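Trainee: I would like to take a close look at a single part of this chain, and to understand how that part sits among its surroundings.

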Amino acid sequence: MSSERGEPEAHGSAKPATYETVRAAILVSLDYANLDMEFPRIAHWLRQLPAADRDRLLDELEAIAATDAIRRDDATYLLNDLGLRRIHWEQP
């Protein structure tokens with residue numbers, strides 16, 4: 001699934017998600033999207049990344065939740081309430 005919003009590709013024939021595309025899509029989601037609706041896609045994008053990139057993005061979300069006055073509430077909601085922190089990434 002390609003997007004004009006710069007979202008990572010989501011299906012088999014599409015380009016693989018990269019750290020940069022997933023990061024950009026998550027930041028757009030924090031700023032503009034309904035996180036309840038976007039959560040499955042965000043989890044899917046993160047699952048496509050190598051573990052090091054995924055961990056780096058989760059660390060960035062943690063930092064946003066701790067320090068960014070504008071995005072703090074949405075990042076905390078994504079991590080805690082929607083459960084991004086509780087996902088076991090190595091499961092299929």
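Which pattern does the chain follow when read along the sequence, and, within that pattern, what do the buried residues of helix 2 pack against?

Mentor: Please keep in mind throughout that this is a predicted model. Read along the sequence, the chain follows the pattern α-α-α-α, and its secondary structure comes to four helices and zero strands.

Turning to helix 2 itself, the element covers residues 35-48, and its 14 residues should span 20 Å at 1.5 Å a residue, which agrees with the 19 Å between its end C-alpha atoms. At the N-terminal end, helix 2 is capped by Asn34, which places a side-chain oxygen 3.0 Å from the backbone nitrogen of Asp36. The buried residues of helix 2 are Leu35, Glu38, Phe39, Ile42, Ala43, Trp45 and Leu46, and they pack against helix 1 (19-32), helix 3 (51-67) and helix 4 (72-81).

The pairing with helix 1 can be described in some detail. Helix 1 and helix 2 pack at an angle of about 170 degrees, with their axes 11 Å apart; because angles over 145 degrees count as roughly antiparallel, helix 1 is roughly antiparallel to helix 2. On the side of helix 1, the contact is made by Val22, Ala25, Ile26, Ser29 and Leu30, while helix 2 contributes Leu35, Glu38, Ile42, Trp45 and Leu46. By class, this contact has eight nonpolar residues, one polar residue and one charged residue.

Arg54 has its place in helix 3, and because its relative accessible area is 3%, under the 20% cut-off, Arg54 counts as buried. Leaving aside neighbours within four places in sequence, Arg54 is in contact with Leu46, Arg47, Leu49, Trp89 and Glu90; of these, Leu46 is also one of the residues through which helix 2 contacts helix 1.

Key:
Residues numbered from 1 in each chain as written. Predicted model: local features only at pLDDT ≥ 70, side-chain atom pairs only at ≥ 80, totals over all residues. Heavy atoms only, no water. Helix = DSSP H or I, 4+ residues; strand = E, 2+ residues; numbered from the N terminus. Expected span 1.5 Å × (residues − 1). Buried < 20%, exposed > 50% of the residue type's maximum accessible area, 1.4 Å probe, protein only. Contact = heavy atoms within 4.5 Å. Polar contact = N/O pair within 3.5 Å; in protein donor to acceptor, adjacent residues only side chain to side chain. Axes fitted to C-alpha atoms, helices over the stretch in contact; angles between N-to-C directions. Parallel < 35°, antiparallel > 145°, perpendicular 65-115°, else oblique. Nonpolar A, V, L, I, M, F, W, Y, C, P; charged D, E, K, R; others polar.
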